[in-house]
Amino acid sequence: MPTTAYPYLLLLHLFGAIAFAGTVFFEVVILEGVRRHVPARVMTLVEGGIGKRARQVIPRVLLLLYGSGLGMAWHYRAALADPLASSFSLLLTIKIVLALSVFGHFLLAMALRRRQRPVADAYRRIHYSVFGHVVAIVLLAKAMFHLHG
């Protein structure tokens with residue numbers, strides 16, 4: 001990959017990260033806070049509408065996010081070859097492991113949806129877990145360039 005492509009991959013990755021993290025934040029922090037103020041019947045309709053839209057948008061966002069992430073990982077392949085060589089390498093490796101875990105959560109949610117059983121509690125746990133992962137990934141992304149050792 002030419003080095004000149006890296007800034008474009010970075011911009012695409014940032015856009016995907018903002019879209020995904022924003023969606024997760026909305027679902028966990030905003031939507032969960034609304035739940036206690038809205039009748040259950042109305043909340044079911046709202047969640048259904050949001051879920052339908054998310055199923056249209058999020059796969060594309062994840063493709064953008066993970067596709068650009070793969071290109072960026074190629075740029076750092078030397079650092080990834082020895083994860084214990086530096087704090088940057090270690091934090092990047094942890095960030096990638098967490099990102100793969102988020103993708104696993106996404107696959108689990110899709111599998112649960114295909115079973116077509118009421119799994120609201122499982123979805124809620126998945127959302128909270130993904131939220132924690134996303135927060136950690138954002139902190140690691142920042143720390144990678146500021147912690148040296």
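In these legends, Ala, Val, Leu, Ile, Met, Phe, Trp, Tyr, Cys and Pro count as nonpolar, whereas Asp, Glu, Lys and Arg count as charged and the others, Gly among them, as polar. Every view shows a predicted model.

**View A. The largest pocket and the residues at its centre.** The largest pocket of this predicted model has a volume of about 1,200 Å³. Its lining is made up of 38 residues, and those closest to the centre of this pocket are E27, G51, R55, Y123 and H127.

**View B. The helices and residue classes around the largest pocket.** Two or more residues of the lining of the largest pocket come from each of α1 (6–35), α2 (40–75), α4 (87–115) and α5 (120–143). The largest share belongs to α2, which supplies eleven residues of this lining. Sorted by class, the lining of the largest pocket holds 21 nonpolar residues together with seven polar and ten charged ones.

**View C. The second largest pocket and the residues at its centre.** The second largest pocket has a volume of about 880 Å³. There are 29 residues in the lining of this second pocket, and H13, L65, K95, I137 and A141 are the ones that lie nearest its centre.

**View D. The helices and residue classes around the second largest pocket.** For the second largest pocket, α1, α2, α4 and α5 each contribute at least two residues to the lining, and α1 gives the most, with eight residues. When the lining of the second largest pocket is divided by class, 24 of its residues are nonpolar, three are polar and two are charged.

Terms used. Residues are numbered from 1 along each chain as its sequence is written. This is a predicted model: local features need pLDDT of at least 70, side-chain atom pairs count only at pLDDT 80 or more; totals for chains, interfaces and linings use all residues. Side-chain values use heavy atoms; hydrogens and water are left out. On a 1 Å grid over the protein atoms alone, a cavity is a set of points where a 1.4 Å probe fits but cannot get out, and a pocket is an open set with protein on both sides within 12 Å along at least five of seven lines; lining residues have an atom within 4 Å of a point. Grid points are joined across faces, edges and corners, and a volume is the space filled by probe spheres set on the points. Helices (H or I, at least four residues) and strands (E, at least two) are DSSP runs, numbered from the N terminus.
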